[in-house]
Amino acid sequence: MPMPRQILFLCLIFALPTMALAEWGPPSGPEQDAELTSVFFLNEKIGWAVGDRGVIWHTQDGGNRWQPQASHVTERLEKVIFLDAKVGWICGGSYDPYTHLPRGLLLYTDDGGKHWSRRTRDALPCLKGIGFFNDREGWAYGEPNRIYPSGLLTTVNGGRSWRSVSGANARGWSAAHFSDLTSAAVADKGGNLAIVQRHQVREGRSFPLGLRSGREIHLHEDGIHGWCVGDGGLVLWTQDGGSSWQAPSGELPQNGTALFDWHAVAADGQNVWIAGSPGTKLLHSPDGGKSWTWQSTGVTVPLLDLHFVSDREGWAVGMLGNILHTTDGGTTWKTQRSGGKRAALWACYAKPQDVPLEVIAKCGGNQGYLSIVHSIARYDLLPGQESASQMPERCHEAMLQLGGTRGQIDWRFPIPSDQMQWTSDNLMRVWNQVHDGEGLGKLEFQLVQQIRQWQPEVVLTHAASPTGTNPLAHLMNQLVLRAVERAADSTWYSEQIVDGGLKTWKVKKVFGSHPAEQLGDINVETSQIAMQVGQSLAEWASQAQGELIEEPRPRPNLWGFHQCLSRLPQSSGGNDFFTGIDLKPGGEARRRLNPAAPLATDQLRRQAERRRNLAAIMERAEEHPQGSPILLGQMGDLVRDFPEKTAGELIYQMALQFHHSGNGDWAAQMMELLISQYPKHPAAERAAIWLVHYWSSGEMEWRSQQKPNAMAASGVVQTGLFLGGGQAGLRGNQSPIGGIDETTMINRPEKAIQYSRWLQTERPMLYQEPSIRFPAAVAERRAGYGRQAERYYLTWLHQPSEEAWKACALGESWLAEPNEFPPKSIWNVKRTRSKPKLDGELNDPCWLSAKQVFLKSPQHDDGRWPASVRLAYDEEYLYVSAECQKFPGRNYSESTDSPRDRDADVSQQDRLLFMIDLDRDWTTCYRFQIDSRGRVAEDCWQDTTWNPNWYVAHQQTDQTWKVEIAIPLRELTGKTVDSHTVWAAGVMRQVPKEGFQSWTHPAEPEGYSPGFGYLLFQ
């Protein structure tokens, strides 16, 4: 009898020699060019500077020699302060790669920095700044979390414990300065200035900042006068402690101020200094802001902090590990230490998620080329998208993990949503609105300035897309190529040279990255080994990927690049990005790397081969599920010899594969394996969250009890049916999808509670997240612990939180005792006595009596393309009808006559999304999609193999498209739907590259569950 292929694959893997591979931390080489964020001097001799990768530099001779101090952490350090030569604090933090939750860090020393230790066990948020008035009373600010929802904290015991200022801010703070424990001036990431009075956040008064944000606030010792500096040359002055802000009394230099994004301000008496990006010049006022002059620094890299101990002696720190010193009040500056002067590689992409991460790992981490990643798209300004305000920090963390030097997102170019596949024309329309009709010119100007600032040898960007498949990528390709040409020409944007202190720069090579797996002039195989870390480029990139996306995916096998430009002789083209370019290790654009880890190359290749074989097994298991039990039983052994990070990630990815292919219980077993074997792995948190969602979900429970019938297996949706008279005139197999698999008869609520309690014990900060607690409350309610669920809902009524989640909690109280002020949108769904005829006409009696709901755009820009929806139900079906005005100028001519298959690609079409959350857990739901052609797709919590029988008719006219839908209730639930039934639901219309509409707000194009409203069946 021949051996099954799955078992044969297993044998091949076990036949490979096993290796106990050590896990290494990041190489120490990048510490030399780690970005420095803060500098502090006690006097003219003793000082400290801190920054990325847990770096602490210390000097005792005024900076003639800088020596490292051991922090024993790898997180970003944001601020350092000392009270005296012995006692000091450092704050900072990082973001979890899978949950994206900010984790704060507070270090303390009482021996001048010889030994640093964590000061508190409190679950602090990621901290941006800190200050102390004495050895007990201090303050800090940063990202909010569930324990410190305002993101503003004070302490009265030297930082051992902290109290949150009253209030909430979902975006987090970019700058703050406390004058005492109850009063402060603050600025958030959304461009808002505020104050703290009596330990409570209140609105401040200032003119609108637009897209700009304040980056540093400095209040004088009187607590009344002070400065705020920020993006786009922002300089403001206050005389009332931050209650109001205005321009300084003296006029700023007319030329060049707007060229700079200011990051730092320092003051000594009447002297004020301001520094930022580029770092070529500082602004200086000797008379408290009455007059201003420029001071040149001799560097181009951004400067992030300033500290002066007198009106003569001061220091500046910034990117690439640069520390500058002045002894004449800033007139001249001398570089005391530097990890580099410029970049070797500059990668410019529309979004951080577009960056070919393996290439940054190859060039930056493995070869030591100083690499900067610049993204233009900012998408954190809409309600419900506040979490995207953390993307600049997460982007930077991801690039650091790959051995890059900097990851940054431009603040000037907002995108309404990252899910809308916007056309370049639409984006230019948005950018023209915020840049007075000069959006394209402003973007080109910034790209030229970035090139002149970083002075790279090689540029990476999107490949051209002349066929229009990716219009934004094509626009970026053309703009970057034009910026490269103009950066070398002194007649273009000469103010950057004359006023900004930059110089022209000739890039030697430009490459455009093709979509993954597409060959090019240069190809990077992601399986190749990076000797600096002893793993493949793909493995390295996978660990950074979690910072950028919600759900990590398998990495591609290959990246191909088209060479768009080369200024080198043809003979020096080669097969690598830097062939023909001589950059010495330890020079101005390339770091000196540590010796590679002492592991034989053939061992690393064998490990990579094991991973490829395992990937092949996983792929076959997805194609042939009958072999999956073998794989489930052997998974622990298969990954045992991999490093823990790799093993945990492999198990997690396999679990997601099972989930997406409709094998939820197998996915659950993989998630449980991950938690049991690798409880400290970053993905274990995400696995526990997934298990809480899975076991508490009413949709997934009903899904697990269904068995495909013949109609579902055929892959065809029945369409154009007549539902008239007393009975539905159904054709074909009408039997409900039934038959319960007894192996799934698990106490699901108890399982959900079990993993929520694991999170409560092991990850208490994560346990506070509403996306966990609401599903857990549903499980408690179903398990008979209704009072516990009620107590949780009540806690939300008395604490600051996001309005959408608070409405979810208020809604449960309202449902128990309804009144005339529901906290959520209500849709009363009437029971109909007559079934509609599914013909797309929408003239049946049930529609005439049904409530009409209009979908609205968050931008209120949909006056020319309105859409409305109606709902009705009877004992068998939920009925949906919609009428959508066609988007002006959009092509709707594609044929609608071809057969309607399951799970059509509707992503590029004008379409309706209807989402149903049965149990109001606000995390899992059914999702139905139908587009203007009548094509349909559906999924159950991202499981696209869920194929219910539902009945659709559609109709198009010159002006509109209409649909009528009948969804059998049996496909959704085994419970009776009657006047006691309440579901949560969302209804969206998405017109890709143009805009979207929603019944409820806040909303996102693909659905925002906490923003759903209620369906009340009558």
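Here is a chat about the folds, rings and cores of this chain.

A: Happy to. This is a predicted model, in which local features need pLDDT of at least 70, side-chain atom pairs count only at pLDDT 80 or more, and totals for chains, interfaces and linings use all residues. Residues are numbered from 1 along each chain as its sequence is written, and side-chain values use heavy atoms, with hydrogens and water left out.

Q: Thanks! How many helices and strands does the chain have?
A: There are 21 helices and 48 strands. Both are DSSP runs numbered from the N terminus: helices are H or I with at least four residues, strands are E with at least two.

Q: And what share of the residues counts as buried?
A: Of the 1018 residues, 63% are buried. Buried means under 20% relative accessible area, exposed means over 50%, and partly exposed is in between (1.4 Å probe, protein chains only). The chain's accessible surface is about 39,100 Å², and 48% of that belongs to carbon and sulfur atoms. Those areas come from the Shrake-Rupley method with a 1.4 Å probe, where for residues only the protein chains shown count as cover.

Q: What about contacts between residues 24 or more positions apart?
A: They account for 64% of the chain's contacts with a separation of 6 or more. Contact here means heavy atoms within 4.5 Å.

Q: Let's talk cores. Which residues have the most contacts inside the largest nonpolar core?
A: Leu460, Phe577 and Phe578 do, in a core of 92 residues. Helix α6 (residues 471-487) gives the most to this core, with 8 residues. A nonpolar core is a set of buried Ala, Val, Leu, Ile, Met, Phe, Trp, Tyr and Cys residues joined through side-chain atoms within 4.5 Å.

Q: Why is the pair of Phe774 and Tyr793 tilted?
A: Their planes are at 40°, with the ring centres 5.7 Å apart, so the pair is tilted. Phe774 is in helix α18 (residues 770-782) and Tyr793 in helix α19 (residues 786-795), 19 residues apart. Phe774 is buried at a relative accessible area of 0%, and Tyr793 is buried at 6%.

Q: And how are Trp827 and Trp999 arranged?
A: Those two are edge-to-face, 5.0 Å centre to centre with 65° between the planes. They link distant parts of the chain, 172 residues apart: Trp827 is in strand β37 (residues 826-831), while Trp999 is in the loop between β47 (995-998) and β48 (1013-1017). Trp827 is buried, with a relative accessible area of 0%, and Trp999 is buried too, with 10%.

Q: Which residues do ring pairs link into a cluster?
A: Trp89, Tyr108, Phe132 and Trp162.

Q: Where does the charged end of Arg486 sit?
A: Over the ring of Trp492, 3.6 Å from its centre. Likewise, the charged end of Lys824 sits over the ring of Trp922, 4.5 Å from its centre. A charge sits over a ring if NZ of Lys or CZ of Arg is within 6 Å of the ring centre and within 35 degrees of the ring normal.

Q: New topic: is Lys189 buried or exposed?
A: Lys189 is buried, with a relative accessible area of 9%. Its place is in the loop between β14 (183-188) and β15 (193-197). The side chain of Lys189 reaches the backbone oxygen of Ser389 at 3.4 Å. Its contacts beyond four places in sequence include Tyr95, Glu143, Arg378 and Glu393.

Q: Last one: where does His374 lie?
A: His374 lies in strand β29 (residues 371-375) and counts as buried at 3% relative accessibility. Setting aside neighbours within four places in sequence, its contacts include Trp346, Cys348, Asp410 and Gln450.

Methods. Phe/Tyr/Trp six-rings, centres within 6.5 Å; stacked < 30°, edge-to-face > 60°. Polar contact = N/O pair within 3.5 Å; in protein donor to acceptor, adjacent residues only side chain to side chain.
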